[in-house]
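This report describes one protein structure for a reader who has not seen it before.

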Amino acid sequence: MNNGVLLTIGSAFIFSVMNALIKAASDTIPTAEIVFFRSIIGTVLILLLMKHSRIRFSSQGIPLLVLRGVFGALYLLAFVYTLANIPMADAVILAYLSPFFVLVFSRLILKETLPPRSVLLLLAVLTGAGLIINPLDYDSYNLYALAGVASAAFAAGASITIKQLSKRHHTYEIVFYFLFIATLISAMLMADHFVMPQGVTWLYLIAIGVVSLLGQIFLTQAFSHENAAVVAVTRYIGIVFNILWGLMFWQEIPDSLTIAGGTVIVIASILLSNRRPVAAKAMMNGEEQESQQEKATVR
(Lines give C-alpha, C1' and ligand atoms only; values in the text may rest on other atoms or scores of the structure.)
Protein backbone atom coordinates (compact mmCIF):
# COMPACT_ATOMS: atom_id res chain seq x y z
CA MET A 1 0.00 0.00 0.00
CA ASN A 2 1.55 3.33 -1.05
CA ASN A 3 1.85 6.53 0.98
CA GLY A 4 -1.01 8.27 -0.83
CA VAL A 5 -3.50 5.55 0.03
CA LEU A 6 -2.25 5.36 3.64
CA LEU A 7 -2.60 9.13 4.03
CA THR A 8 -6.12 8.97 2.58
CA ILE A 9 -7.13 6.23 5.02
CA GLY A 10 -5.53 8.27 7.81
CA SER A 11 -7.53 11.36 6.86
CA ALA A 12 -10.77 9.33 6.68
CA PHE A 13 -10.06 7.94 10.16
CA ILE A 14 -9.28 11.40 11.59
CA PHE A 15 -12.44 12.93 10.10
CA SER A 16 -14.49 10.06 11.53
CA VAL A 17 -13.01 10.87 14.96
CA MET A 18 -14.04 14.50 14.42
CA ASN A 19 -17.59 13.34 13.62
CA ALA A 20 -17.69 11.25 16.80
CA LEU A 21 -16.50 14.25 18.83
CA ILE A 22 -19.20 16.43 17.24
CA LYS A 23 -21.89 13.87 18.08
CA ALA A 24 -20.62 13.61 21.67
CA ALA A 25 -20.60 17.40 22.08
CA SER A 26 -24.09 17.70 20.58
CA ASP A 27 -25.57 16.04 23.68
CA THR A 28 -25.32 19.38 25.49
CA ILE A 29 -24.10 21.98 22.96
CA PRO A 30 -26.33 23.45 20.17
CA THR A 31 -25.36 23.01 16.51
CA ALA A 32 -24.38 26.65 15.87
CA GLU A 33 -22.15 26.70 18.95
CA ILE A 34 -20.28 23.56 17.83
CA VAL A 35 -19.73 25.13 14.40
CA PHE A 36 -18.54 28.34 16.11
CA PHE A 37 -15.85 26.61 18.16
CA ARG A 38 -14.81 24.41 15.22
CA SER A 39 -14.49 27.48 12.98
CA ILE A 40 -12.87 29.99 15.31
CA ILE A 41 -10.13 27.53 16.33
CA GLY A 42 -9.52 26.78 12.65
CA THR A 43 -9.46 30.50 11.83
CA VAL A 44 -6.72 31.14 14.38
CA LEU A 45 -4.70 28.17 13.15
CA ILE A 46 -5.00 29.11 9.46
CA LEU A 47 -3.96 32.71 10.23
CA LEU A 48 -0.83 31.35 11.92
CA LEU A 49 -0.13 29.20 8.84
CA MET A 50 -0.63 32.21 6.55
CA LYS A 51 1.77 34.29 8.64
CA HIS A 52 4.35 31.48 8.68
CA SER A 53 4.07 31.04 4.90
CA ARG A 54 3.88 34.83 4.28
CA ILE A 55 0.58 34.54 2.41
CA ARG A 56 -1.09 37.93 1.89
CA PHE A 57 -4.81 38.59 1.43
CA SER A 58 -5.93 39.37 -2.12
CA SER A 59 -7.65 42.61 -3.07
CA GLN A 60 -9.54 40.96 -5.96
CA GLY A 61 -12.11 38.18 -6.18
CA ILE A 62 -13.57 39.02 -2.76
CA PRO A 63 -17.26 38.37 -3.68
CA LEU A 64 -16.48 34.80 -4.83
CA LEU A 65 -14.32 34.18 -1.75
CA VAL A 66 -17.23 35.32 0.42
CA LEU A 67 -19.65 33.11 -1.53
CA ARG A 68 -17.34 30.12 -0.99
CA GLY A 69 -17.32 30.98 2.71
CA VAL A 70 -21.13 31.14 2.88
CA PHE A 71 -21.49 27.76 1.11
CA GLY A 72 -18.91 26.24 3.48
CA ALA A 73 -20.63 27.69 6.54
CA LEU A 74 -24.05 26.40 5.47
CA TYR A 75 -22.51 22.98 4.77
CA LEU A 76 -21.03 22.84 8.27
CA LEU A 77 -24.27 23.94 9.95
CA ALA A 78 -26.39 21.43 8.00
CA PHE A 79 -23.92 18.56 8.49
CA VAL A 80 -23.47 19.10 12.23
CA TYR A 81 -27.26 19.42 12.65
CA THR A 82 -27.75 16.14 10.79
CA LEU A 83 -24.97 14.35 12.65
CA ALA A 84 -26.43 15.41 15.98
CA ASN A 85 -29.86 13.98 15.22
CA ILE A 86 -29.50 10.80 13.12
CA PRO A 87 -27.07 7.82 13.14
CA MET A 88 -23.51 8.68 12.11
CA ALA A 89 -23.55 6.29 9.15
CA ASP A 90 -26.69 7.90 7.67
CA ALA A 91 -25.35 11.44 8.09
CA VAL A 92 -22.01 10.61 6.46
CA ILE A 93 -23.56 8.69 3.56
CA LEU A 94 -25.89 11.61 2.78
CA ALA A 95 -22.91 13.99 2.83
CA TYR A 96 -21.28 11.79 0.19
CA LEU A 97 -24.04 12.87 -2.22
CA SER A 98 -21.96 15.95 -3.11
CA PRO A 99 -20.58 14.50 -6.43
CA PHE A 100 -24.21 14.23 -7.57
CA PHE A 101 -24.85 17.92 -6.89
CA VAL A 102 -21.53 18.97 -8.45
CA LEU A 103 -22.65 17.45 -11.75
CA VAL A 104 -26.15 18.92 -11.50
CA PHE A 105 -24.88 22.43 -10.64
CA SER A 106 -22.23 22.22 -13.37
CA ARG A 107 -25.00 21.57 -15.87
CA LEU A 108 -27.47 24.17 -14.57
CA ILE A 109 -25.06 26.99 -13.59
CA LEU A 110 -21.93 26.51 -15.68
CA LYS A 111 -23.85 25.07 -18.68
CA GLU A 112 -21.39 22.20 -18.92
CA THR A 113 -22.40 19.11 -20.92
CA LEU A 114 -22.98 15.97 -18.89
CA PRO A 115 -20.99 12.92 -20.00
CA PRO A 116 -22.90 10.00 -21.58
CA ARG A 117 -24.89 7.70 -19.29
CA SER A 118 -24.51 10.09 -16.33
CA VAL A 119 -28.28 10.56 -16.16
CA LEU A 120 -28.70 6.91 -15.16
CA LEU A 121 -26.09 7.28 -12.43
CA LEU A 122 -27.75 10.46 -11.16
CA LEU A 123 -31.07 8.61 -10.95
CA ALA A 124 -29.30 5.81 -9.06
CA VAL A 125 -27.95 8.33 -6.52
CA LEU A 126 -31.44 9.78 -6.04
CA THR A 127 -32.79 6.27 -5.47
CA GLY A 128 -30.11 5.60 -2.86
CA ALA A 129 -30.89 8.85 -1.05
CA GLY A 130 -34.59 8.01 -1.17
CA LEU A 131 -33.96 4.67 0.55
CA ILE A 132 -32.12 6.38 3.42
CA ILE A 133 -34.61 9.25 3.77
CA ASN A 134 -37.56 6.83 3.38
CA PRO A 135 -40.23 9.35 2.30
CA LEU A 136 -43.00 6.75 2.73
CA ASP A 137 -42.42 6.83 6.48
CA TYR A 138 -42.46 10.60 7.02
CA ASP A 139 -41.62 11.84 10.51
CA SER A 140 -39.17 14.23 12.16
CA TYR A 141 -36.30 11.91 11.19
CA ASN A 142 -36.85 12.83 7.56
CA LEU A 143 -36.29 16.50 8.29
CA TYR A 144 -32.88 15.67 9.71
CA ALA A 145 -32.12 13.51 6.67
CA LEU A 146 -33.17 16.32 4.34
CA ALA A 147 -30.72 18.58 6.18
CA GLY A 148 -28.09 15.95 5.36
CA VAL A 149 -29.00 16.17 1.67
CA ALA A 150 -28.76 19.97 1.93
CA SER A 151 -25.26 19.64 3.43
CA ALA A 152 -24.18 17.74 0.30
CA ALA A 153 -25.69 20.45 -1.94
CA PHE A 154 -23.85 23.21 -0.04
CA ALA A 155 -20.60 21.21 -0.20
CA ALA A 156 -21.04 20.93 -3.97
CA GLY A 157 -21.59 24.69 -4.24
CA ALA A 158 -18.39 25.24 -2.28
CA SER A 159 -16.50 22.83 -4.57
CA ILE A 160 -17.60 24.71 -7.69
CA THR A 161 -16.49 28.07 -6.28
CA ILE A 162 -13.17 26.56 -5.16
CA LYS A 163 -12.62 25.33 -8.71
CA GLN A 164 -12.73 28.97 -9.87
CA LEU A 165 -10.87 30.45 -6.89
CA SER A 166 -7.94 28.01 -7.00
CA LYS A 167 -6.75 29.62 -10.24
CA ARG A 168 -5.86 32.89 -8.49
CA HIS A 169 -5.90 32.39 -4.73
CA HIS A 170 -3.74 30.41 -2.30
CA THR A 171 -5.34 27.46 -0.51
CA TYR A 172 -4.82 29.08 2.90
CA GLU A 173 -6.69 32.23 1.84
CA ILE A 174 -9.65 30.18 0.53
CA VAL A 175 -9.77 28.18 3.76
CA PHE A 176 -9.54 31.37 5.83
CA TYR A 177 -12.69 32.85 4.20
CA PHE A 178 -14.52 29.56 4.78
CA LEU A 179 -13.65 29.39 8.49
CA PHE A 180 -13.96 33.13 9.18
CA ILE A 181 -17.43 33.42 7.61
CA ALA A 182 -18.53 30.22 9.35
CA THR A 183 -17.39 31.82 12.62
CA LEU A 184 -19.44 34.99 11.92
CA ILE A 185 -22.62 33.17 10.85
CA SER A 186 -22.52 30.65 13.70
CA ALA A 187 -21.82 33.44 16.22
CA MET A 188 -24.99 35.25 15.13
CA LEU A 189 -27.07 32.06 15.26
CA MET A 190 -25.86 31.02 18.72
CA ALA A 191 -26.10 34.48 20.30
CA ASP A 192 -29.49 33.85 21.94
CA HIS A 193 -28.93 30.16 22.66
CA PHE A 194 -25.39 30.01 24.03
CA VAL A 195 -24.73 27.17 26.47
CA MET A 196 -21.61 27.39 28.62
CA PRO A 197 -19.58 24.19 28.01
CA GLN A 198 -18.86 22.15 31.11
CA GLY A 199 -16.03 19.74 31.96
CA VAL A 200 -15.13 17.30 29.21
CA THR A 201 -17.24 19.22 26.67
CA TRP A 202 -14.50 21.87 26.50
CA LEU A 203 -12.11 19.09 25.51
CA TYR A 204 -14.52 17.90 22.80
CA LEU A 205 -14.86 21.40 21.30
CA ILE A 206 -11.13 22.14 21.28
CA ALA A 207 -10.35 18.69 19.87
CA ILE A 208 -12.89 19.18 17.04
CA GLY A 209 -11.03 22.29 15.85
CA VAL A 210 -7.57 20.72 16.06
CA VAL A 211 -8.56 17.33 14.61
CA SER A 212 -10.34 18.90 11.63
CA LEU A 213 -7.16 20.77 10.64
CA LEU A 214 -5.06 17.61 11.12
CA GLY A 215 -7.41 15.64 8.88
CA GLN A 216 -7.19 18.39 6.28
CA ILE A 217 -3.38 18.21 6.28
CA PHE A 218 -3.48 14.41 5.82
CA LEU A 219 -5.97 14.71 2.95
CA THR A 220 -4.00 17.44 1.18
CA GLN A 221 -0.82 15.36 1.49
CA ALA A 222 -2.68 12.34 0.12
CA PHE A 223 -3.61 14.28 -3.02
CA SER A 224 0.05 15.21 -3.49
CA HIS A 225 1.13 11.53 -3.38
CA GLU A 226 -1.66 9.74 -5.23
CA ASN A 227 -3.98 10.04 -8.23
CA ALA A 228 -7.03 12.16 -7.37
CA ALA A 229 -9.48 9.43 -8.47
CA VAL A 230 -7.79 6.87 -6.19
CA VAL A 231 -7.97 9.27 -3.25
CA ALA A 232 -11.64 10.06 -3.96
CA VAL A 233 -12.56 6.37 -3.97
CA THR A 234 -10.42 5.46 -0.94
CA ARG A 235 -12.10 8.21 1.11
CA TYR A 236 -15.30 6.12 1.16
CA ILE A 237 -13.65 3.91 3.79
CA GLY A 238 -14.63 6.71 6.14
CA ILE A 239 -18.16 5.28 6.12
CA VAL A 240 -16.81 2.12 7.78
CA PHE A 241 -15.05 4.10 10.51
CA ASN A 242 -18.21 6.12 11.20
CA ILE A 243 -20.31 2.95 11.42
CA LEU A 244 -17.81 1.52 13.95
CA TRP A 245 -17.96 4.65 16.17
CA GLY A 246 -21.77 4.58 15.97
CA LEU A 247 -21.85 0.94 17.06
CA MET A 248 -19.29 1.36 19.85
CA PHE A 249 -20.57 4.53 21.52
CA TRP A 250 -24.23 4.95 20.52
CA GLN A 251 -25.29 1.37 19.68
CA GLU A 252 -26.35 2.52 16.21
CA ILE A 253 -26.98 -0.50 13.96
CA PRO A 254 -27.57 0.42 10.28
CA ASP A 255 -30.92 -0.89 9.02
CA SER A 256 -31.46 -2.63 5.67
CA LEU A 257 -32.55 0.60 3.91
CA THR A 258 -29.39 2.43 5.04
CA ILE A 259 -27.18 -0.44 3.84
CA ALA A 260 -28.97 -0.68 0.48
CA GLY A 261 -29.13 3.09 -0.07
CA GLY A 262 -25.54 3.62 1.06
CA THR A 263 -24.26 0.91 -1.28
CA VAL A 264 -26.08 2.44 -4.26
CA ILE A 265 -24.82 5.97 -3.45
CA VAL A 266 -21.20 4.90 -2.97
CA ILE A 267 -21.04 2.89 -6.21
CA ALA A 268 -22.84 5.56 -8.27
CA SER A 269 -20.78 8.41 -6.74
CA ILE A 270 -17.52 6.59 -7.51
CA LEU A 271 -18.62 6.16 -11.12
CA LEU A 272 -19.78 9.80 -11.29
CA SER A 273 -16.42 10.99 -9.96
CA ASN A 274 -14.82 9.54 -13.07
CA ARG A 275 -17.36 11.17 -15.42
CA ARG A 276 -16.65 14.90 -15.32
CA PRO A 277 -18.68 17.20 -17.57
CA VAL A 278 -17.20 17.39 -21.06
CA ALA A 279 -16.23 21.08 -20.81
CA ALA A 280 -14.61 20.50 -17.45
CA LYS A 281 -12.35 17.80 -18.81
CA ALA A 282 -10.56 20.19 -21.11
CA MET A 283 -10.36 22.89 -18.48
CA MET A 284 -8.91 20.60 -15.86
CA ASN A 285 -6.16 19.12 -18.02
CA GLY A 286 -2.85 19.98 -16.40
CA GLU A 287 -4.43 21.37 -13.24
CA GLU A 288 -6.39 18.38 -11.96
CA GLN A 289 -4.09 17.66 -9.04
CA GLU A 290 -4.19 21.24 -7.78
CA SER A 291 -7.92 21.50 -8.18
CA GLN A 292 -8.57 18.28 -6.30
CA GLN A 293 -6.39 19.47 -3.43
CA GLU A 294 -8.49 22.63 -3.23
CA LYS A 295 -11.73 20.63 -3.27
CA ALA A 296 -10.50 18.88 -0.19
CA THR A 297 -10.67 22.16 1.73
CA VAL A 298 -14.45 21.98 1.84
CA ARG A 299 -14.33 20.15 5.12
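## A salt bridge

Glutamate 252 and lysine 23 form a salt bridge, with their closest N and O atoms 3.6 Å apart. The term stands for a side-chain nitrogen of Lys or Arg within 4 Å of a carboxyl oxygen of Asp or Glu. Glutamate 252 sits in the loop between α11 and α12 (256-273) and lysine 23 in helix α1, so the pair ties together parts that are 229 residues apart in sequence. Side chains of opposite charge can pair when their charged atoms come close. A search of the whole structure finds one salt bridge.

Glutamate 252 counts as buried because its relative accessibility is 15%. Lysine 23 is buried too, with a relative accessible area of 6%. Buried means under 20% relative accessible area, exposed over 50%, and partly exposed in between (1.4 Å probe, protein chains only).

## Basis of the model

The model is predicted: local features need pLDDT of at least 70 and side-chain atom pairs count only at pLDDT 80 or more, while totals for chains, interfaces and linings use all residues. Residues are numbered from 1 along each chain as its sequence is written, and side-chain values use heavy atoms, leaving out hydrogens and water.

## Overall make-up

The protein chain has 14 helices and zero strands. Both are DSSP runs numbered from the N terminus (helices H or I, at least four residues; strands E, at least two). Of the 299 residues in the protein chain, 50% are buried.

Among contacts between residues at least 6 apart in sequence, 89% join residues at least 24 apart. Contact here means heavy atoms within 4.5 Å.

## The nonpolar core

The largest nonpolar core has 75 residues, and those touching the most other members are Ile22, Ile34, Leu94, Leu97, Phe101, Ile208 and Ile239. Its largest share, eleven residues, comes from α1. Such a core is a set of buried Ala, Val, Leu, Ile, Met, Phe, Trp, Tyr and Cys residues joined through side-chain atoms within 4.5 Å.

Beyond its neighbours within four places in sequence, isoleucine 34 is in contact with residues including Ile22, Val80, Leu205 and Ile208. Phenylalanine 101 belongs to helix α5 (residues 98-108) and counts as buried at 13% relative accessibility. Residues up to four places away aside, phenylalanine 101 touches Val149, Ala152, Ala153 and Ala156. The C-alpha atoms of phenylalanine 101 and valine 149 are separated by 9.7 Å, and the two are 48 residues apart along the chain.

## Two other buried residues

Serine 16, in helix α1 (residues 3-25), is buried with a relative accessible area of 0%. Its side chain makes a polar contact of 2.8 Å with that of tryptophan 245. A polar contact is a pair of N or O atoms within 3.5 Å; within protein, one must be able to donate a hydrogen and the other to accept it, and residues adjacent in sequence count only if both atoms are side-chain atoms.

Phenylalanine 37 is found in helix α2 (residues 31-53) and is buried, at 12% relative accessibility. Its C-alpha atom is separated by 6.9 Å from that of glycine 209, 172 residues apart along the chain.

## The surface

Ile237, Val240, Leu244, Leu247, Met248, Phe249 and Ile253 form a nonpolar patch on the surface, with about 660 Å² of accessible area together. Patches are made of residues with over 30% relative accessible area and no salt bridge: like charges are joined within 9 Å, nonpolar side chains (Val, Leu, Ile, Met, Phe, Trp, Tyr) within 5 Å. Accessible areas come from the Shrake-Rupley method with a 1.4 Å probe; for residues, only the protein chains shown count as cover. Phenylalanine 249 lies in helix α11 (residues 238-250) and is partly exposed at 49% relative accessibility.
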